[in-house]
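I opened the model today and kept notes as I went. Each entry covers one thing I looked up.

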Amino acid sequence: MICCSLTSRGREEAAQDMQFVRGRADVIEIRLDYFEEPSSDDISYLLDRKPCALLFTCRSKAEGGRFSGSEKERIALLKECISLGADYVDIEWSSGASEVSSFVKMEKSTKIIVSSHHFEQFPSDLDSVYASLKSSKADIIKIASMADSLSDNLVLFDLLKRAKKESVSMIGIAMGEKGEISRVLNVAYGSYLTYGSLARGKETAPGQIPIEHLKKAYRVSSLKPEGLKVYGLVGNPVSKSRGFLLHNLLFKEEGINAVYLNFLVDDIDAFVSDFRDFFDGLSVTMPFKSSIVSSLDELDPLAQKIGAVNTVVKKKGKLVGYNTDAQGALDALLEKTSLQGKKVVLLGAGGTARAIGYALVGKVSELMIVNRSADKGEELAKELGAVHAFLSSIDWKSVDILINATSVGMSPRIHDMPIDRKYLDRLIVFDVIYNPLVTKLLHEAERMRCKTVSGLSLFVAQAAHQFTLWTGKKADPLFMEDCVLQYMVE
Ligand SMILES: NC(=O)c1ccc[n+]([C@@H]2O[C@H](COP(=O)([O-])OP(=O)(O)OC[C@H]3O[C@@H](n4cnc5c(N)ncnc54)[C@H](OP(=O)(O)O)[C@@H]3O)[C@@H](O)[C@H]2O)c1
């Protein structure tokens with residue numbers, strides 16, 4: 001089940017928010033501590049208007065909440081929720097064992113959740129926290145702990161599996177950006193529910209994911225634990241990536257029991273070693289495209305030549321690295337132009353430029369490499385059998401295609417351009433950057449009526465190749481285009 005936790009400051013706002021949640025979540029958490037002066041009238045008002053089950057919480061400041069009244073008032077308010085027929089009430093274990101017991105023993109239809117929060121760090125004695133909560137005999141026990149590392153999620157998943165075996169209803173959450181994967185997968189591993197936010201910026205706890213994403217993209221309630229395939233993006237940072245939308249919607253469309261997550265990784269070797277049994281495939285982004293190579297068992301020959309991997313596939317237990325940026329860039333270009341007989345200027349000599357260079361060499365009549373660090377540009381040109389050049393020495397009248405494979409113009413420096421607009425006249429201009437979707441370079445090229453190829457088309461094309469490598473299926477280009485227009489173009 002998905003529970004939407006609301007940040008509403010009063011009952012009218014909460015009633016409005018509840019209407020938005022209708023059909024998008026199964027339970028709504030009312031945080032009474034967010035209300036200015038919560039009263040029993042507020043509780044009745046909301047229960048009268050509920051679109052689904054209501055869970056009432058009133059967190060003290062000591063537990064990360066905002067309630068400024070006395071402990072006596074807080075307890076009285078929560079007991080009033082029970083008397084008025086709330087579906088769920090959350091009482092913190094820190095309120096004391098006898099207080100929790102007084103809730104559990106009340107004559108009621110309300111389910112009691114006894115909760116334990118760890119905002120500072122992930123507890124080393126999670127089992128003893130579990131044992132204490134279990135001893136409360138509450139209907140549901142809840143443990144929410146800040147994830148210090150991605151591996152804390154694995155510890156939590158093991159505990160959820162144990163609770164399921166012992167028939168204990170448990171909610172388990174790892175908080176923070178490193179705990180995001182638990183918010184997607186906990187239900188599959190047995191958590192009674194997962195919490196989500198109404199929208200980005202409306203989180204009541206760190207790392208909450210909008211309910212819309214939990215339901216539509218991640219499909220948290222319909223992921224089946226048996227045979228579930230886990231894919232994801234490894235990088236740092238990963239929070240801006242929208243690839244999870246595309247891949248999850250593709251899995252949904254194809255009816256594949258698989259999920260795509262964002263893994264915020266600090267140490268790629270440690271990640272591959274700890275999570276090797278957990279994932280079935282990976283997308284790889286900055287800064288790990290080269291450094292992941294040493295953790296893999298095999299490399300596809302093209303990835304080997306390029307020296308960078310953007311896709312990992314698990315084949316009979318072996319991790320095999322591929323590079324789909326090369327073919328993706330070719331696909332994106334070929335949608336707009338033929339390559340035969342064309343002269344191309346490629347800006348950059350980093351990972352993406354290398355992939356594009358390998359994709360183009362032999363297919364165009366001349367490839368010129370220009371890079372800020374001339375030595376790196378020269379080295380790549382030599383390796384590819386291409387020409388190393390400087391912007392000022394190029395005969396621009398003979399050039400057909402310009403490709404920007406540098407990070408110049410990428411957010412937040414969206415007003416930067418890798419090359420003066422005077423060079424753009426008549427060219428086909430391809431910018432690999434997709435954040436922003438229309439870079440300054442593409443904007444200027446469009447103003448000069450040049451044909452343009454966007455970084456988004458590269459992104460979609462390389463993702464389609466990843467999908468095929470992982471599933472053996474061809475991604476429907478029309479469906480992908482639709483996803484992009486609906487969810488990725490803001
Ligand atoms: N659309 C997609 O699906 C897709 C896929 C992959 C990558 N990308 C984008 O491609 C871009 C490059 O990624 P990458 O992995 O190739 O990065 P990288 O390996 O770090 O290479 C960066 C390149 O940009 C050049 N550069 C950086 N700052 C510069 C500046 N101020 N002036 C001139 N040149 C500069 C670097 O030149 P030096 O050698 O002199 O440092 C280098 O050639 C990123 O923006 C990334 O988001 C998009």
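The entries below go from the whole chain to single residues.

**Entry 1: ground rules.** I am working with a predicted model, in which local features need pLDDT of at least 70, side-chain atom pairs count only at pLDDT 80 or more, and totals for chains, interfaces and linings use all residues. Residues are numbered from 1 along each chain as its sequence is written.

**Entry 2: overall.** I looked up the secondary structure and found 17 helices and 21 strands. Helices (H or I, at least four residues) and strands (E, at least two) are DSSP runs, numbered from the N terminus. The C-alpha atoms fill a box of roughly 85 × 45 × 35 Å along the principal axes. Of the 490 residues, 46% count as buried. A residue is buried if 20 or more other C-beta atoms lie within 10 Å of its own, exposed if 12 or fewer, and partly exposed in between, with C-beta atoms placed from the backbone.

I also looked up contacts, where two residues are in contact if their C-beta atoms, placed from the backbone, lie within 7 Å. Among contacts with a separation of 6 or more, 63% are between residues 24 or more positions apart.

**Entry 3: the nine-stranded sheet.** In what order do the nine strands of the open sheet stand? I read the order as S7-S6-S5-S4-S3-S2-S1-S8-S9, with parallel pairing. Strands S7 (170-175) and S9 (209-210) are at the edges with a single partner strand each, so one side of each has no neighbour in the sheet. Two strands pair if DSSP finds at least two bridges between them.

I then followed S1 (residues 2-5). S1 pairs with S8 (residues 194-197) in the parallel sense over four bridges, and Cys4 has Gly196 as its bridge partner in S8. S1 also runs parallel to S2 (residues 27-31), joined by three bridges, with Ser5 opposite Glu29 in S2. Between S1 and S2 the chain passes through helix H1 (residues 11-21), and this β-α-β crossover is right-handed. That term applies if, with the strands pointing away from the viewer, the path from the first strand over the helix to the second runs clockwise.

Leu55 stands opposite Tyr88 in S4.

**Entry 4: helix H14.** In H14 (residues 374-384) I noted Gly377, Leu380 and Ala381 as the buried residues. They lie on the same side of H14 because they cover an arc of only 100° around the axis; the arc is that of the directions from the helix axis to the C-beta atoms. Asp375 and Lys382 are exposed on the other side of H14. The buried residues of H14 pack against H13, strand S17 (366-370) and strand S18 (387-388). Glu379 is also in H14, and Glu379 counts as partly exposed because it has 15 C-beta neighbours inside 10 Å. Just after H14, Gly385 takes a positive phi of about 70°.

**Entry 5: around the ligand.** Which residues come nearest to the ligand? Of the 24 residues around the ligand, I listed Gly350, Thr352, Arg372, Ser373 and Thr406. A residue is near the molecule if its C-beta atom, placed from the backbone, lies within 6 Å of it. Helices H13 (351-360) and H16 (455-471) each supply at least two residues of this shell, and H16 gives the most, with four. The shell divides into 11 nonpolar, 10 polar and three charged residues. Ala, Val, Leu, Ile, Met, Phe, Trp, Tyr, Cys and Pro count as nonpolar, Asp, Glu, Lys and Arg as charged, and the others, Gly among them, as polar.

**Entry 6: Val429.** Val429 is in strand S20 (residues 428-431). Val429 counts as buried because it has 24 C-beta neighbours inside 10 Å. Val429 and Leu402 are 27 residues apart along the chain, yet their C-alpha atoms are separated by 5.0 Å.

**Entry 7: backbone exceptions.** Most residues other than glycine have a negative phi, and most peptide bonds are trans. I noted a cis peptide bond between Ser411 and Pro412, with omega about 10°. Ser167 is not a glycine but has a positive phi of about 55°.
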